[in-house]
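This briefing sets out the strands, helices, cores and ring pairs of one model. Please read it alongside the structure shown below.

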Amino acid sequence: MPVTVKTFTSTNEAAAALSSDRSARYLGGGTLVMRALNEGDISISTVIRASDQAMTRIVTSGARIVLGAGVTFARILAERDLAFLHAPARSIGGPAVRNMGTVGGNLFAPVPYGDFTVAMLALDAVVSVQGGLGGREIGIEEFLQSRDRQTGVLVLAISFAKPGSADAFRYRKIARIKPKGGAVITLAAHLPVNGSRIVGARVALGSMAPTPIRARAAERALEGRPLDTSTINAAAAAAVEGTSPGDNALASAWYRREIVGVHLRRLLSGQE
């Protein structure tokens, strides 16, 4: 089946074309869409592209950081102001994938991929989208819950507050092939501290459900407490609660449940 490629100069035009054609997919870096086409996905008959420079902007000067959906992981690694995101960006594939893969595309990556999205979930990011009914902003947790129904919607950008200190944000990816393999599990935590106590804890997990999820029981164990051994052990013990991992070639659901607490303990303790 032939595939039609349509390129637009504005995101408004691209979003309108995307929303009017159920067989259309947006092509950012191509690491997901081109793979689907090469594997013979006949549900895609139109590929939409946009040359709007707003899709590749990075804003780091204000209280909130804005990453255009077309920003690549290689770009993030080149930004000194985004040093806290270098670990998740570096964990995405090899150099070729990081040169092409985008922030927006990663939101749609299936298990065992989507590691950067785990970091965004821990940072309570907001996703800006454009659809047939205009533009709007959606909390990333809500976006992920309805991700498979987001056809006809163009992701424009993702934004989030910069962590207040260097150790407030933590990230860890467990993979059998390092550094570019699919994840056995991925963990990220944002632990703002007021005085000596954690306020607003967010812990996110990848490959522990069909989409990245928050470890709410672990968050409750951390909230309002100092990050000491007792608190860390309580959070680690609660990490598996509410998860629903699957089996794949990298690990079984049983194994993922067994190790998630171990690696959350290491993440929170600062262990390698």
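A residue is called buried when its relative accessible area is under 20%, exposed when it is over 50%, and partly exposed in between (1.4 Å probe, protein chains only). By that rule Ser159, at 9% relative accessibility, counts as buried. The model is predicted: local features need pLDDT of at least 70, side-chain atom pairs count only at pLDDT 80 or more, and totals for chains, interfaces and linings use all residues. Residues are numbered from 1 along each chain as its sequence is written, and side-chain values use heavy atoms, with hydrogens and water left out.

**Parallel sheet**

- Helices (H or I, at least four residues) and strands (E, at least two) are DSSP runs numbered from the N terminus, and two strands pair if DSSP finds at least two bridges between them.
- An open sheet of three strands has the order E1-E3-E2, with parallel pairing.
- Its edge strands, each pairing on one side only, are E1 (4-8) and E2 (24-26).
- From one strand to the next the twist averages 25 degrees.
- Five bridges join E1 and E3 (residues 46-50) in the parallel sense, and Thr4 has Thr46 as its bridge partner in E3.

**Antiparallel sheet**

- A further open sheet holds five strands in the order E4-E5-E8-E6-E7, and here the pairing is antiparallel.
- Strand E4 (58-59) and E7 form the edges, each pairing on one side only.
- E6 pairs with E7 (residues 134-139) in the antiparallel sense over six bridges.
- Within this pairing, Val127 has Ile138 as its bridge partner in E7, and Gln130 has Gly135.
- E6 and E8 run antiparallel and are joined by five bridges; Val126 stands opposite Ser159 in E8.
- Five of the six residues of E6 are buried, so this strand is largely enclosed by the rest of the structure.
- Contact means heavy atoms within 4.5 Å; leaving out residues up to four places away in sequence, Ser159 touches Arg64, Ile65, Val66, Ala125 and Val126.

- Axes are lines fitted to C-alpha atoms, for helices over the stretch in contact, and angles run from 0 to 180 degrees between N-to-C directions.
- Helix H1 (residues 11-19) lies across E1, E2 and E3, running at about 165 degrees to E3.
- H1 also lies across E6 and E8, at about 120 degrees to E8.
- Thr11, Ala14, Ala15, Ala17 and Leu18 are the buried residues of H1.
- Seen down the helix axis, these residues fall within an arc of 165 degrees, so they line one face of H1; the arc is that of the directions from the axis to the C-beta atoms.
- The buried residues of H1 pack against E1, E2, E3, E6 (126-131) and E8 (154-161).
- Gly152 lies in the loop between H8 and E8; apart from neighbours within four places in sequence, its contacts are Ala15, Leu18, Ser19, Gln130 and Gly131.
- Gly152 and Gly94 are 58 residues apart in sequence and 30 Å apart in space, C-alpha to C-alpha.

**Nonpolar cores**

- A nonpolar core is a set of buried Ala, Val, Leu, Ile, Met, Phe, Trp, Tyr and Cys residues joined through side-chain atoms within 4.5 Å.
- The largest such core has 46 residues, of which Leu67, Ile76, Leu85 and Phe116 touch the most other members.
- Helix H7 (residues 115-122) supplies the largest share of this core, six residues.
- Setting aside residues up to four places away in sequence, Leu85 touches Leu67, Ile76, Phe116, Met120, Leu123, Phe160 and Phe169.
- Another core lies apart from it, with 26 residues, among them Ile185, Val203, Ala215 and Ala239.

**Aromatic pairs**

- Rings of Phe, Tyr and Trp (its six-membered ring) pair if their centres lie within 6.5 Å; planes under 30 degrees apart count as stacked, over 60 as edge-to-face and the rest as tilted.
- By this rule the count is four aromatic pairs.
- The ring centres of Phe108 and Phe143 are 5.6 Å apart and the planes stand at 80 degrees, so the pair is edge-to-face.
- Phe108 lies in the loop between helix H6 (103-106) and H7, and Phe143 in helix H8 (residues 140-145), so the pair ties together parts that are 35 residues apart in sequence.
- Phe108 is partly exposed, with a relative accessible area of 31%, whereas Phe143 is buried, at 0%.
- Phe84, Phe160 and Phe169 are linked by ring pairs into a cluster.
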